[in-house]
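Trainee: I would like to go through the labels used for this model. Please set each one against its definition.

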Amino acid sequence: MNRELIESLNILEKEKDIDKEVVIKAIEGSLVDAYKKHYESKGDKTNEAIKKHNERVDKVVVTAHIDRETGDFKITADKEVVEEVTEPAAEISLEDAREIDRRVEIGDIVKVDVNSKEFGRIVTQNAKNVILQTIREQERNVIYEQYRAKENDIVTGIVQRINGKRINIDLGKVDAVLGENDQVKGEVFKPTERIKLYVTKVETTSKGPKISVSRSSRELVRRLFEAEVPEIREGIVEIINIAREAGVRSKITVKSNDSSVDALGACVGVNGLRVNAIVNELRGEKIDIVPYSDDAAKFVENALSPAKVISVDADVEEKTAKVIVPDDKLSLAIGKEGLNARLAAKITGFKIDIKSETQAKQAEEMSDVENIDIDDEVNLSED
């Protein structure tokens, strides 16, 4: 039976990564606890005699050791040598003590082997419960550590069930809940469907690890590009910034740290293979890959893609940019409800003012008229 215990712990360690040593120490602790509970009085806890008895039992030094190879265990208790035993848990008679060591005298402390068969059934059951509880806690800790390592990373989950605005996701060893705020508006999932999620937070609770996941985080886009583009993983291409309107459009700024590598081409892939894989994972969300430039005007122009730009007047100190676009590209540059311009502003850090070519000319003409009026007023005052 003892060898079977060790074999079972070896299997647990191999299959569930549960530390065998931690479980063995818990078993040893439960054996010590079982000894003390065996001798503990169960009467009125306010009774002074019972309190003193239990305090004496609690102070007894009890040691349990399990052989890590065979599973054989040994329990010993340090007992005081006395003439007449009144506390069996803490005392041993001189006659019995000298069977262990002939040199002992009254008042000495000797280690006495304990027969665990003396423990009652209830005490033994309590020890078993401690073992099972330790295994459960270890299993939860293992899962927590596994998923804590995946915090701020992507995991693949299976849609389990949809409860109103909450979606239960099976991550394999633990479940996660995709809350309403972390969902993408318009995305519809079916049970058993596999989806990728960004792990925002991993917490430990009394019921086990709590995994918070998201489909709306901009970091999901970052991790998808890192997974799909080897040049990003290797640091050849760097992601500078990401702006996202989840489910609608994302803009991602990239630059190459190697002059021989085109950052845009690396992210797009042959025939758009890489970026299309990400778009498919994001259920058709549009993605603009924006090449970074140290030239602020060029950077703002790139950020307004796919709209074509006539000119950009960028003020680096004020972080503002005045942009002129062809008349037929104004709505594209601004985007629906200002989305394209808003995302461009986020990734560049510039406040962008966009005008069509006609609007710019009209504004210029108005400015000229105002200047003429001012000059006329000056001339009149001089006359």
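Mentor: Start with accessibility: buried means under 20% relative accessible area, exposed over 50%, and partly exposed in between (1.4 Å probe, protein chains only). The model is predicted, so local features need pLDDT of at least 70, side-chain atom pairs count only at pLDDT 80 or more, and totals for chains, interfaces and linings use all residues. Residues are numbered from 1 along each chain as its sequence is written, and side-chain values use heavy atoms, with hydrogens and water left out.

Trainee: Why is Arg148 called partly exposed?

Mentor: Its relative accessibility is 43%, so Arg148 counts as partly exposed. Glu145, at 41%, counts as partly exposed too.

Trainee: What makes Glu145 and Arg148 a salt bridge?

Mentor: The term asks for a side-chain nitrogen of Lys or Arg within 4 Å of a carboxyl oxygen of Asp or Glu. The closest N and O atoms of Glu145 and Arg148 are 3.0 Å apart, so the pair meets the definition. Both residues lie in helix 5 (residues 121–148), 3 residues apart, about one turn of the helix. Helices (H or I, at least four residues) and strands (E, at least two) are DSSP runs, numbered from the N terminus.

Trainee: How do you know that Glu203 and Lys201 form a salt bridge?

Mentor: Their N to O distance is 3.8 Å. The limit is 4 Å, so the pair counts. Glu203 is partly exposed at 28%, and Lys201 is partly exposed at 43%.

Trainee: Which residue does Arg68 meet in a salt bridge?

Mentor: Arg68 meets Glu28, at 2.7 Å, N to O. This pair links distant parts of the chain, 40 residues apart. Arg68 is in the loop between strand 1 (62–66) and strand 2 (73–82), and Glu28 is in helix 2 (residues 20–39). Both also belong to a network of salt bridges with Glu21 and Lys25. The structure holds 25 salt bridges.

Trainee: Why is Glu28 called buried?

Mentor: Its relative accessibility is 9%, so Glu28 counts as buried.

Trainee: How do you know that strand 13 and strand 14 pair?

Mentor: Two strands pair if DSSP finds at least two bridges between them. Strand 13 (311–315) and strand 14 (320–325) have 5 bridges, in the antiparallel sense. They therefore pass the limit. One of the bridges joins Asp315 to Thr320. Strand 14 also has 6 bridges to strand 15 (residues 351–356), which runs parallel to it. There, Thr320 stands opposite Lys351.

Trainee: Which peptide bond is cis?

Mentor: The bond from Ser305 to Pro306 is cis, with omega near 15°. Pro306 is in the loop between helix 10 (296–303) and strand 13.

Trainee: Why is Glu318 called exposed?

Mentor: Its relative accessible area is 56%, so Glu318 is exposed. Glu318 lies in the loop between strand 13 and strand 14.
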